[in-house]
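Please keep the sequence and the 3D view open while reading.

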Amino acid sequence: MSQPKVLWTASTRTFSARWQNEAERLYFAPGLTYTLPRFKDKEETVNIAPDTSIAGIYDPAGKLGMYLEAGWFLFTRDPVILDYWDVGVAYKQLAGKESFEGRYAFGDSIGSAAGQGTFSDQHLTVHANANKFFQTADYQFIQLSLGANVDWRFGGSRDYEGFAFPRTQRSRRNSLGRRM
């Protein structure tokens with residue numbers, strides 16, 4: 001099987017003509033991320049203490065974030081099993097917001113509660129993939145990939161306004177590429 005006619009990277013136009021016939025290239029992949037929230041809002045009850053609870057509706061929403069990736073890919077000499085390998089590093093931002101409206105119950109007292117908040121997390125991602133593709137037509141192909149990646153959360157922000165109930169929140173570990 002011959003090398004592909006088109007591979008979606010910026011490398012063929014970014015570098016000089018000597019890169020056109022090389023079996024390995026740099027690539028860049030800018031893009032956007034969007035944090036998908038759950039699709040149906042439902043009333044939830046959170047018990048803070050034996051005599052204290054909050055019942056309310058949480059309304060989450062995703063926000064757009066930035067994605068920047070750079071890496072290196074290498075075509076194999078005999079593309080029977082694998083066509084190419086790629087390794088890279090990326091920055092990605094995951095962001096979202098949530099609003100809350102409900103009731104706060106403490107013993108015999110009941111009150112209303114409302115609040116809203118936003119979050120923005122920054123991640124550094126390292127990945128390696130083995131890729132195989134099947135060309136279906138000129139400029140069209142189906143790609144199969146098997147790989148591994150590790151995400152490291154190195155920064156983030158959380159802002160919340162309104163009613164905040166006293167509950168200890170456990171923080172997730174910074175690494176997302178872990179066994180679950």
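Which side chain does lysine 92 meet in a salt bridge? The partner is aspartate 151, at 2.8 Å from N to O.

## Basis of the model

This is a predicted model: local features need pLDDT of at least 70 and side-chain atom pairs count only at pLDDT 80 or more, while totals for chains, interfaces and linings use all residues. Residues are numbered from 1 along each chain as its sequence is written, and side-chain values use heavy atoms, with hydrogens and water left out.

## Salt bridges

Side chains of opposite charge can pair when their charged atoms come close. A salt bridge here is a side-chain nitrogen of Lys or Arg within 4 Å of a carboxyl oxygen of Asp or Glu. The whole structure has four of them. In the pair named above, lysine 92 lies in strand β4 and aspartate 151 in strand β6, so parts 59 residues apart in sequence are tied together. Strands are DSSP runs (E, at least two residues), numbered from the N terminus. Both lysine 92 and aspartate 151 are buried, a term for under 20% relative accessible area; exposed means over 50%, and partly exposed is in between (1.4 Å probe, protein chains only).

Arginine 158 bridges to aspartate 121, with the closest N and O atoms 2.8 Å apart. This pair joins strand β6 to strand β5, across 37 residues of sequence. Arginine 158 is exposed at 53% relative accessible area, whereas aspartate 121 is buried at 10%.

## Aromatic pairs

Rings of Phe, Tyr and Trp (its six-membered ring) pair if their centres lie within 6.5 Å; planes under 30 degrees apart are stacked, over 60 edge-to-face, and the rest tilted. The structure holds nine such pairs. One of them is edge-to-face: phenylalanine 73 and tyrosine 84, 5.9 Å centre to centre with 65° between the planes. Phenylalanine 73 is in strand β3 and tyrosine 84 in strand β4, eleven residues apart.

Tyrosine 84 is buried, at 6% relative accessibility. Its ring also pairs with phenylalanine 133, and with centres 6.1 Å apart and planes at 55° this pair is tilted. Tyrosine 84 and phenylalanine 133 are 49 residues apart, in strands β4 and β5. One aromatic cluster includes Phe73, Tyr84 and Phe133.

## A surface patch

Val89, Leu124, Val126, Trp152 and Phe154 form a nonpolar patch, with about 440 Å² of accessible area together. Such a patch joins nonpolar side chains (Val, Leu, Ile, Met, Phe, Trp, Tyr) within 5 Å, from residues with over 30% relative accessible area and no salt bridge. Areas come from the Shrake-Rupley method with a 1.4 Å probe; for residues, only the protein chains shown count as cover. Strands β5 and β6 each give two or more residues to the patch.

Definitions and conventions. Patches are made of residues with over 30% relative accessible area and no salt bridge: like charges are joined within 9 Å, nonpolar side chains (Val, Leu, Ile, Met, Phe, Trp, Tyr) within 5 Å. Helices (H or I, at least four residues) and strands (E, at least two) are DSSP runs, numbered from the N terminus.
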